[in-house]
Amino acid sequence: MVSETDNLLVSVKDVRFAYGEREILRGIDLKVPRGKVVAIMGGSGCGKTTLLRLIGGQLRATGGTVEVAGRNVASLTTSELYEMRRRMGMLFQFGALFTDMSVFDNVAFPLREHTELPFGLIRDMVLMKLNAVGLRGAADLMPAELSGGMARRVALARAIALDPMLIMYDEPFAGLDPISLGVIGQLIRKLNDALGATTIMVTHDIMESLQIVDYIYFISEGRVVAEGTPDELRASQDPWVYQFIHAEADGPVPFHYPAAALDESLIGGRGA
Amino acid sequence: MNGLLNVIRRLGAMVVEGVWRIGFAARFFMLLLRHSGQSLMRIHLTVREIYFSGVLSLLIIVVSGLFVGMVLGLQGYETLQRYGSGDALGVLVSLSLTRELGPVVAGLLFASRAGLAVTAEIGLMKTTEQLDAMDMMAVNPIARVVAPRFWGGVISMPLLAALFSAMGVFGGWLIGVVFIGVDDGAFWSQMQAAVDFRFDIMNGVLKSFVFGATVALIAVFEGYDCTPTAEGLSRAITRTVVTSALAILALDFVLTSLMFRGQS
């Protein structure tokens, strides 16, 4: 359990969120200590990405509070929010690279937008970031020329361009081959430690996550249903955690979407 | 009874949705204007969009202008010479182009060439989370992406319409003077005497400016507001072309009735 005495960077308290009538988050509580890599896990559509957007201030919670570095995100003005985001990096699910810019220009983008640094210095910084993700040699390529794993690494270099205090990853392993998956996983851990940053990673890749993270929150139906360190979760007998870790089709997370009984549906459908 | 209620209900929902979108578009336009100063300070962003919206539309504008002028030359001469006024061909061609055809046809072409491209680009950036990524990097997408494309369109359109008219006049001259044999001096001198700088040329420029701003606003708004799916993007692109065309034709009527009141 993460305690209040830990040096928290992100604190989410009883957060609720709904898209119109559809309630996504129903009172989420989680804490992210500084310097740690924390994973938020759960099935597709359980509100993981929404949670990241709430932390980044792209969405506003309908209830509860989201605090980053001690400040309530919902109470920030637009300029304060942008000031905070300059110290955040976010990796989107498919990289979200700017397709009209080269790899170099993509990584240079935040530096050019937020600093007045001379070209030579920006060039060196970009090449260092690209080197950190192993893609210095791809600086002149366009995003369309990259594989999925390479695009994810370029996006990672761009996310850390301004040496952020918080790096957020939205499904960093989705659609990657096993080698790229391992590379991204190692990079997430190494870059977090090298930069002295804090990482929040939204994913449903349990095996990779257990190897690199410090703490895991499981979310289902808008609530935290389990949490713990990787060792605690491996040993857990909680049915929900067990189903997730062992990838079982049915369990606390049902296989079937809620519906009327099959007999009733079939007979009812025939009669209609 | 139920069917009627459903129709009324659907109609009501459409009206509410329409009003909501107009309101959202108005707020979006205000935001765009608010961030325009910041965007225009970095003029290279707008210059780049003038290249994409304006320079890359040159071919279609020049070729279309030439053909429209040539058709005007043929049709105009055919009618005028029945009344023994073949020499007035230059007047007919130039007034038709500067007052109406230049701004309107160039506007329609601009909407289908540049407007569509802007909607597709912004829409695709939204669909692939590029706008969200920019926003998360503390870079305002309206200032960085939307405003330069809007101003690029506003600046390009009057220039393209002027070029369209010039090419049209050249096309009319080519057919009338070179091929049919209208007197060269009469063609140009009658044109010079009949075309008024303030009422014909400047009103045409003003029209093309209004059409440019309208098309550019519709294009950036539809792209920014599109549903981030392939189907949503396709619908947004269709809406850009259809709404722009209707807006140009409706605005043309309104502007013409205001500008040329008491003239002729």
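Which pattern does chain B follow when it is read along the sequence? In this predicted model, chain B follows the pattern α-α-α-α-α-α-α-α-α, with nine helices and zero strands.

## Chain B: overall features

Taken along the principal axes, the C-alpha atoms of chain B fill a box of roughly 65 × 60 × 35 Å. Of the 264 residues in chain B, 44% are buried. Among the contacts in chain B with a separation of 6 or more, 87% are accounted for by residues 24 or more positions apart.

## Helix packing around α4 of chain B

Helix α4 (residues 89-127) of chain B packs with helix α8 (residues 197-225) of chain B, their axes coming within 8 Å and crossing at roughly 15°. Because angles under 35 degrees count as roughly parallel, α4(B) is described as roughly parallel to α8(B). The crossing in which α4(B) passes α8(B) is right-handed, and the contact between these two helices has, by class, 14 nonpolar, ten polar and six charged residues.

Helix α4(B) also packs with helix α6 (residues 141-180) of chain B, here at an angle of about 145° and with the axes 7 Å apart. The crossing of α4(B) past α6(B) is right-handed, and the residues of this contact divide into 19 nonpolar, nine polar and one charged.

## The open sheet of chain A

In chain A, six strands form an open sheet of mixed pairing, in the order β6-β7-β8-β3-β9-β10. The edge strands are β6 and β10 (223-228) of chain A, each of which pairs on one side only, and the twist from one strand to the next averages 15°.

Helix α1 (residues 48-55) of chain A lies across β3, β7, β8 (198-203) and β9 of chain A, and runs at about 150° to β8(A).

Strand β1 (residues 8-19) and strand β4 (residues 63-68) of chain A run antiparallel and are joined by five bridges, with Ser11(A) having Glu67(A) in β4(A) as its bridge partner. Strand β4(A) also pairs with strand β5 (residues 71-72) of chain A, in the antiparallel sense and over two bridges, where the bridge partner of Val68(A) is Arg71(A) in β5(A). Together β4(A) and β5(A) form a hairpin with two residues between them, and Ala69(A) in the turn has a positive phi of about 50°.

In α3(A), the buried residues include Val103(A), Asn106(A), Val107(A), Ala108(A), Phe109(A) and Pro110(A). The buried residues of α3(A) pack against α4 (119-132) and α5 (148-159) of chain A.

Leu181(A) lies in helix α6 (residues 178-195) of chain A. Not counting residues up to four places away in sequence, Leu181(A) touches Phe173(A), Leu176(A) and Glu208(A). Between Leu181(A) and Phe17(A) there are 31 Å in space, C-alpha to C-alpha, and the two are 164 residues apart in sequence.

## Contact between the chains

Across the contact between the chains, 14 residues of chain A meet ten residues of chain B. On the side of chain A that touches chain B, α2 (78-85), β6 (88-91) and α3 (103-114) of chain A each supply at least two residues, and the largest share, three residues, comes from α3(A). The residues of this side of chain A divide into eight nonpolar, three polar and three charged.

Definitions and conventions
Residues numbered from 1 in each chain as written. Chains lettered and ligands numbered in written order. Predicted model: local features only at pLDDT ≥ 70, side-chain atom pairs only at ≥ 80, totals over all residues. Axes fitted to C-alpha atoms, helices over the stretch in contact; angles between N-to-C directions. Helix = DSSP H or I, 4+ residues; strand = E, 2+ residues; numbered from the N terminus. Parallel < 35°, antiparallel > 145°, perpendicular 65-115°, else oblique. Left-handed = near helix turned anticlockwise from the far one by under 90°. Nonpolar A, V, L, I, M, F, W, Y, C, P; charged D, E, K, R; others polar. Contact = placed C-beta atoms within 7 Å. Pairing = 2+ DSSP bridges. Buried ≥ 20, exposed ≤ 12 C-beta atoms within 10 Å, placed from the backbone.
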